[in-house]
Amino acid sequence: FASAELKQDKELVFSAVAKCGRALRFASPELKRDKEIVLSAVAEHGLALEFASAELKQDKELVFSAVAKCGRALRFASPELKRDKEIVLSAVAEHGLALEFASAELK
């Protein structure tokens, strides 16, 4: 297991998430708020959105990137973005069953 110091090393974490997006789970809370790190993670594995900070789960660009890679990542988007037609359409285009995670208004 990595030390707290290594979990805060931006270069190391960036390298790790670029190869395995779900490694974001082990990053420090500060790096889970870093848009560059999280974008790299979700580009590799859309479901890495689960480990992003609450603020970034509200970021339309980031969530769009995640659901385009894996529609099921919609599950981890903010409630506001689960109501966003563009986000939901992208998620459903990638994985039809992602509709399960859309807001009631869009179902």
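A crossing of two helices is left-handed if the near helix is turned anticlockwise from the far one by less than a right angle, and right-handed if clockwise. In this structure, helix 4 passes helix 5 in a right-handed crossing. The model is predicted: local features need pLDDT of at least 70, side-chain atom pairs count only at pLDDT 80 or more, and totals for chains, interfaces and linings use all residues. Residues are numbered from 1 along each chain as its sequence is written, and side-chain values use heavy atoms, with hydrogens and water left out.

**Terms for the helix pairs**

- Helices (H or I, at least four residues) and strands (E, at least two) are DSSP runs, numbered from the N terminus.
- Axes are lines fitted to C-alpha atoms, for helices over the stretch in contact, and angles run from 0 to 180 degrees between N-to-C directions.
- Angles under 35 degrees count as roughly parallel, over 145 as roughly antiparallel, 65 to 115 as roughly perpendicular and the rest as oblique.

**Helix 2 and helix 3**

- The axes of helix 2 and helix 3 cross at roughly 15° and come within 7 Å, which makes helix 2 roughly parallel to helix 3.
- Helix 2 passes helix 3 in a left-handed crossing.
- K10, V13, F14, V17, A18 and K19 of helix 2 make the contact (heavy atoms within 4.5 Å) with E36, I37, S40, A41 and E44 of helix 3.
- By class, this contact of helix 2 with helix 3 has six nonpolar, one polar and four charged residues; Ala, Val, Leu, Ile, Met, Phe, Trp, Tyr, Cys and Pro count as nonpolar, Asp, Glu, Lys and Arg as charged, and the others, Gly among them, as polar.

**Helix 3 and helix 4**

- Helix 3 (residues 35–44) packs with helix 4 (residues 60–69) at an angle of about 15°, their axes being 8 Å apart.
- Helix 3 and helix 4 are therefore roughly parallel to each other, and helix 3 passes helix 4 in a left-handed crossing.
- On the helix 3 side, the contact is made by K35, V38, L39, V42, A43 and E44, and on the helix 4 side by E61, L62, S65, A66 and K69.

**Helix 4 and helix 5**

- Helix 4 and helix 5 have axes 7 Å apart and pack at an angle of about 15°, which makes helix 4 roughly parallel to helix 5.
- In helix 4, K60, V63, F64, V67, A68 and K69 meet E86, I87, S90, A91 and E94 in helix 5.

**Nonpolar core**

- A nonpolar core is a set of buried Ala, Val, Leu, Ile, Met, Phe, Trp, Tyr and Cys residues joined through side-chain atoms within 4.5 Å.
- The largest nonpolar core has 32 residues, of which V17, L24, V38, L49, V63, V67 and L74 touch the most other members.
- Helix 2 (10–19), helix 3, helix 4 and helix 5 (85–94) each supply at least two residues of this core.
- Not counting residues up to four places away in sequence, V38 touches L24, L31, K32, A52, L56 and L62.

**Two single residues**

- Buried means under 20% relative accessible area, exposed over 50%, and partly exposed in between (1.4 Å probe, protein chains only).
- K7 lies in helix 1 (residues 4–7) and is partly exposed, with a relative accessible area of 29%.
- Leaving out residues up to four places away in sequence, K7 touches A2, V13, F26, A27, S28 and L31.
- S103 is in the segment after helix 5 and counts as buried, at 12% relative accessibility.
- Apart from neighbours within four places in sequence, S103 is in contact with K82 and R83.
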